[in-house]
Amino acid sequence: MVGMEEEEEEEQRRPPVSPFGVYFNSSSISLAVLAVLEIEEPINIPHSRLVFLLDTLLLRVHPRFSSVIVTGKDGEQRWKRVEVNLKDHIKTAVFPENRSPEYYEERFSSYLSEISAELFLGNRPLWEIHFVKYPTTNAAGNVVFKIHHAIGDGYSLMAALLSCFKRSDDPSLPLTFPDIRIRRSGDAGGGKKAAVARALASAFNTVSDLWTSFSKTKLLADDLSPVRSGETGVGFRPISAATMAFSLDQIKQIKSKLGMTVNDVVTGTVFLGTRMYMKEMEPGSEDAETTSIVVLNTRMLRSYNSVHDMMMSKATESPWGNHFAFLHVGLPKLMVGGATGNDDNGGRQESTMARRSLEFLKATQKVIQKKRSSVAVHLNGGLIQLYRKLRGSEAASSYVYWAVKNTSMAITNMIGPTEKMTLADHHVKGLYFLLAGNPQNLTVTMVSYMGQMRVSIGTEKGFIDPNKLKSCIQRAFDLILNSTC
């Protein structure tokens, strides 16, 4: 009897899995983040040093990296500390030797696709590190961290991974990050009448957003289109990926010229490129009802905290875990003729294309501004929690699944270091990340690093052509840049 009581007490001491951690580790959804590091020189890290680094840095940075998820007698999922055999988590790709960088680029893409569809084993901590020691067209080698989303969100995982890195120019100095300016809707002036008008607009937008979220989950799904198949099981299929890099200075030029935020510019560019892709693949589909899930970090922060600070109780503004919410944002429709320029009069085609691209960007900004004035982003999480208490974790996971599946795409972003970094004395020339397990056909992820914004496209393999979509997004950015700067 005493033994059973001690076992129950031990179980209750185990930390619970966060609500979104539960939702993303269910029979409906199993999300994982793939962080890809492009290495500047050939990878040559002795196994003993690698084991030492992982043991002294990653495993000790947070208990989640040495824990598994167990279900208690009360039905709640909790974290249980276990002994970690690092050999189970270190993977090295094996390809044919002495081939061209183009060959290895293709093999690396296939390798990413394969590991994206592999589920984690439940008896091991939910992370892996993959080494691809072959030169591609972009790097001398690649390192891939695959981490389950139940461990933490992008902010937490970025902070954890960066604890393993050093600054390339001076390892004794910490990595720094762009300052995050938080826009508060209440900061605007205008007196009492303007404040009342903003409050009424916020209330209206909140009700509208809550209805949109509910209807997308229970009633109305997006139209089928070249970026949405509507099929079930998409999240358990392999993905194909393509990446591109935009200059942050150029993005800021557009931002300043048009009075927008960096997020407005990048999101509008991705939306415009997506509409252009839809039109090219299936004329007429560019007018289809198309909604994006935009993932928002709900922490009130201006920069990354150390993992130690995130674990301290005083760090209430930026704690460890999954602290984000998502909103449904409808893609604006292309204007007549679109931004691809199908006008008969060739002499005015270029100016028409530029004008329509800016009109589309401003329409995107208008939609995002309405979302900013809404508090639905905070209420949605509370409503899902209430649904979980009433119906159980699996039902709540199913609710989240349909809220995502009934839309067409997702967009998420992270802030990366401003300086070049090294991993075990290997210089990291590029950084991007992908999301595996998303029940949508299209996911767009963004991360800043060394003055560039790296945009990655993850698509269901065989359904969306990631390289064609990439060219459409690049063309959209060029249109916007040329018409403003």
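This is a predicted model: local features need pLDDT of at least 70, side-chain atom pairs count only at pLDDT 80 or more; totals for chains, interfaces and linings use all residues.
Visitor: Why is R167 called buried?
Guide: Buried means under 20% relative accessible area. R167 has a relative accessible area of 12%, and is therefore buried. The residue is found in strand β7, which covers residues 166–167.

Visitor: What makes the pair R167 and D169 a polar contact?
Guide: The cut-off for such a pair of N or O atoms is 3.5 Å. The side chains of R167 and D169 are joined at 2.7 Å, and so the pair qualifies as a polar contact.

Visitor: What makes β4 and β7 edge strands?
Guide: Seven strands form an open sheet of mixed pairing, in the order β4-β5-β6-β1-β13-β12-β7. Strands β4 (90–92) and β7 each pair on one side only, and these are the edge strands. Helix α4, residues 101–116, packs on this sheet and touches β1 (32–39), β4, β5, β6 and β13 (426–436). The direction of α4 makes about 10° with that of β6.

Visitor: How do you know that β5 and β6 pair?
Guide: Pairing requires at least two bridges. Strand β5 (residues 127–132) and strand β6 (residues 141–148) share six bridges, and therefore count as paired, in the antiparallel sense. Within this pairing, F131 has V143 of β6 as its bridge partner.

Visitor: How does helix α5 run relative to β6?
Guide: Helix α5, residues 154–162, runs at about 135° to β6. It lies across β1, β6, β12 (421–423) and β13.

Visitor: Why is strand β11 described as largely enclosed by the rest of the structure?
Guide: Five of the six residues of β11 (residues 409–414) are buried, and the description follows from that. Strand β11 runs parallel to strand β14 (residues 442–449), and six bridges join the two. N413 stands opposite M446 in β14.

Visitor: Which residues meet where α7 and α13 pack?
Guide: From α7 come Q250, I251, Q253, I254, K257 and L258, which meet F477, I480, L481 and T484 in α13.

Visitor: What makes N123 an exposed residue?
Guide: Exposed means over 50% relative accessible area. N123 has a value of 61%, and is therefore exposed. The residue is found in the loop between α4 and β5. N123 and V82 are 41 residues apart in sequence, and their C-alpha atoms are 9.1 Å apart in space.

Visitor: How do you know that F271 is buried?
Guide: F271 has 0% relative accessibility, and buried means under 20%; F271 therefore counts as buried. Its place is in helix α8, residues 262–281. Beyond residues up to four places away in sequence, F271 touches S292, V329, L331, P332, F360, T364, M409 and I411. The C-alpha atoms of F271 and I473 are separated by 8.2 Å, although the two residues are 202 apart along the chain.

How values were computed:
Residues are numbered from 1 along each chain as its sequence is written. Side-chain values use heavy atoms; hydrogens and water are left out. Helices (H or I, at least four residues) and strands (E, at least two) are DSSP runs, numbered from the N terminus. Buried means under 20% relative accessible area, exposed over 50%, partly exposed in between (1.4 Å probe, protein chains only). A polar contact is a pair of N or O atoms within 3.5 Å; within protein, one must be able to donate a hydrogen and the other to accept it, and residues adjacent in sequence count only if both atoms are side-chain atoms. Contact means heavy atoms within 4.5 Å. Axes are lines fitted to C-alpha atoms, for helices over the stretch in contact, and angles run from 0 to 180 degrees between N-to-C directions.
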